[in-house]
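Welcome! Here is a short tour of a protein structure, taken one topic at a time. Keep the picture open as you read.

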Amino acid sequence: ASQISKGGSSQSPRKSLDGRSPPGPWDGLIESLNGLLGTLKENYVHPVFVQKILNQIFSYINVQLFNSLLLNKECCSFSNGEYVKAGLQELELWCGNVKEEYVGSSWDELKHVRQAVGFLVINQKSRLSSEDLTTDLCPILSSQQLYRICTLYWDEDFNTQGVSPDVISSFKDQAKEDGNDVDKAKEADNNFILDDNSSIPISVEEINSSLKDVDFTGVKPAKELLEHPAFQFLCE
């Protein structure tokens, strides 16, 4: 998720011999989504299953991007927030161009990373209160996650200030009240990261409700079938 090199400067894309920049990571992701959707359609996969597959993919993207922001200080910056925001806009545009029967609620699966990026790119963070963050900007994030992102945030380009120490202290206290020790952020079982759940839950009710009655009246069988003795009943 990071576009920052070890030296701290933004990496400029290399150009090919014809002068054009090669496809970036977001372009590759969109291309992969288009390829997958095309394959599923060509093989007549039911829209309900397409929705579930896409939902799971977007959930995975959400987990990987969000965790990278909270586990790596170099990713938790203003410039990287702008970079991820641009990629999320590409995904939002892709979802808008795909029929709802296929994409379903996939965009909603990105709530965590969308809200985290919203914090990274907002101006005048020093004026934000804890209520601003928990109510308006990042309502889905826990106190541990808010404490983590507030303490890791940095701005290598403009050196803008983060949230006030009072806000950070309030999130730290709230996290302790919730029974978590946020001071041990490097423990193996980090309590601020998201779990990667690879399951795709789908109920029988969802499948049944999506099935439509199809009327085959007037549909003519293929000539090859009519010529085969085993399919003579189709002529009746």
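Let's begin in the loop that joins α5 and α6, where you can find Q124. Q124 is not a glycine, yet its phi is positive, at about 55°. Please keep in mind that this is a predicted model.

**Backbone turns to look for**

- To find N159, go to the loop between α7 and α8.
- Is N159 buried or exposed? With a relative accessible area of 66%, N159 is exposed, because the cut-off for that word is over 50%.

**Two helices that pack together**

- Two packed helices are described by the angle between their axes and the distance between the axes.
- Helix α6 covers residues 130-137 and helix α8 covers residues 165-177; their axes are 8 Å apart and meet at an angle of about 65°.
- The two helices, α6 and α8, are therefore roughly perpendicular to each other, since angles from 65 to 115 degrees are given that description.
- On the α6 side, S130, L133 and T134 make the contact, and on the α8 side their partners are V167, S170 and F171.

**A mostly covered helix**

- How many of the 10 residues of helix α7 (residues 143-152) are buried? The count is 9, so this helix is mostly covered, with buried meaning under 20% relative accessible area.
- Among the buried residues of α7 are L146, Y147, I149 and C150, and the list also includes R148 and Q144.
- Which helices do the buried residues of α7 pack against? They pack against α2 (47-71), α5 (111-121), α6 and α8.

**A residue inside α2**

- V63 sits in helix α2.
- V63 counts as buried because its relative accessibility is 5%, and the cut-off is under 20%.
- Leaving aside residues up to four places away in sequence, V63 touches L194, D195 and D196.
- Although V63 and N197 are 134 residues apart along the chain, their C-alpha atoms are separated by 9.1 Å.

**A nonpolar patch on the surface**

- L225, F231, F233 and L234 form a nonpolar patch on the surface.
- Together, these four residues have about 310 Å² of accessible area.
- One of them, F233, belongs to the segment after α10 (223-226).

Terms used: Residues numbered from 1 in each chain as written. Predicted model: local features only at pLDDT ≥ 70, side-chain atom pairs only at ≥ 80, totals over all residues. Heavy atoms only, no water. Patch = residues over 30% accessible without salt bridge, like charges linked within 9 Å, V, L, I, M, F, W, Y side chains within 5 Å. Areas by Shrake-Rupley, 256 points an atom, 1.4 Å probe, with all protein chains shown as cover. Salt bridge = Lys/Arg side-chain N within 4 Å of Asp/Glu carboxyl O. Helix = DSSP H or I, 4+ residues; strand = E, 2+ residues; numbered from the N terminus. Axes fitted to C-alpha atoms, helices over the stretch in contact; angles between N-to-C directions. Parallel < 35°, antiparallel > 145°, perpendicular 65-115°, else oblique. Contact = heavy atoms within 4.5 Å. Buried < 20%, exposed > 50% of the residue type's maximum accessible area, 1.4 Å probe, protein only.
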